[in-house]
Amino acid sequence: AAFVYFSPIQNLFFTPKKSISVATWADYIDEGSVKEFESATGIKVYINFYENNEELLSKMELTKSKTYDLVIPTDSSVDLLIKKGMLKKLDKSKLGFWNELDPRLLGHYYDPKNEYSIPYYWDVMGIGYDKEFFKQSPLRSWALLFDQKVSPGHVGMTNDPREVILIAAQYLFGNIHNLDNAKLEQVKDLLLKQKAWVESYSDLRGEFLLYSKTSPVALIPSFQVWAGMRSGLFDNLGFLLPENPFMVIDSIAIPKDSGNSELVYQFINFLYQKKVLSINAEHHGFFAARKDLLQERDNSHIEGMENLSALDSFKSFRFFENVVSTQDLNKIWLTVKAA
């Protein structure tokens, strides 16, 4: 019952009667747990991986959401999928774990009543830094990336235009909303100026820039430094959250045309068992959506979020919302990369 990779055409002719197809990020569903589920239920689970939300969205639009029975998109993509009418409303009476979810992860901009999505794993975007480069903890500010007077230079950035542009907007204006053409022009100018001290824009794991001492600071999600910091193998790593940091929530959702709802609900309930959800949280450093797992989590390595349980809400966090059109994002990004 190993993972099977398949094309939509293959799926039409060779899928067993009791089966579901799932689209997910790598490392989000444990292979051993899938085997356990298949053995216990007789339901075959076909796993498809995607590298970014754009890939998932294009595949769902191409097949009119008929390829997958369950998907795990990021919050901004949940927002788009709902607006496009491509997700099915949840039957919460079939979800035995709902009261175990951390309520701070519910009711956000992309699905205010959580009618279509269930928070699964989440993470925060912050700044990783080389402790050996800095004699003391650096300033908890996005200025480390964007202000040449504060930045150490040789900055590592993600290669995601939405992330980079919205974080730049947050730094400039204190929020990411009401970004008119004049403000977007200022964001573009800032990124063009910043490029002079950017070491790389990388889709690869940003912690390598820190491990190798290529960059003293890098824009990265916290999970990318989890393993190294927790293992003690890389004592030089630090991670901080600037004021008004960004978070990302990846959620489980059911495509509108999924025809295997009963089987899907069995799988969803299995995934949210504490022992199953904790595997990838502990191994890869993701934050899990269950209250008990968040309460047990040690966040002492994250400067600015050491005591997660004490936070009444996540109101200080920002999201990478769909507040800038894809056309404007691409226009700014192409200009910056071409400079």
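Q: Which residues line the largest cavity?
A: Tyr28, Ile29, Asp30, Ser33, Tyr120, Tyr121, Leu271, Val276, Leu277 and Asn280 line the largest cavity. A lining residue has an atom within 4 Å of a cavity point. The model is predicted: local features need pLDDT of at least 70, side-chain atom pairs need 80 or more, and totals for chains, interfaces and linings use all residues. Residues are numbered from 1 along each chain as its sequence is written, and side-chain values use heavy atoms, without hydrogens or water.

Q: Which element gives the largest share of the lining of the largest cavity?
A: Helix 11 does, with three residues. Helices are DSSP runs of H or I with at least four residues; strands are runs of E with at least two.

Q: Why is helix 10 called largely enclosed?
A: Eight of its 11 residues (261–271) are buried, so the rest of the structure largely encloses helix 10. Buried means under 20% relative accessible area (1.4 Å probe, protein chains only). Among the buried residues are Tyr265, Phe267 and Leu271. Leu271 also lines the largest cavity.

Q: Why does Ser21 count as buried?
A: Ser21 has 3% relative accessibility, so it counts as buried. Ser21 lies in strand 1 (residues 19–24). A polar atom of the Ser21 side chain is 2.7 Å from the backbone oxygen of Thr67.

Definitions and conventions: On a 1 Å grid over the protein atoms alone, a cavity is a set of points where a 1.4 Å probe fits but cannot get out, and a pocket is an open set with protein on both sides within 12 Å along at least five of seven lines; lining residues have an atom within 4 Å of a point. Buried means under 20% relative accessible area, exposed over 50%, partly exposed in between (1.4 Å probe, protein chains only). A polar contact is a pair of N or O atoms within 3.5 Å; within protein, one must be able to donate a hydrogen and the other to accept it, and residues adjacent in sequence count only if both atoms are side-chain atoms.
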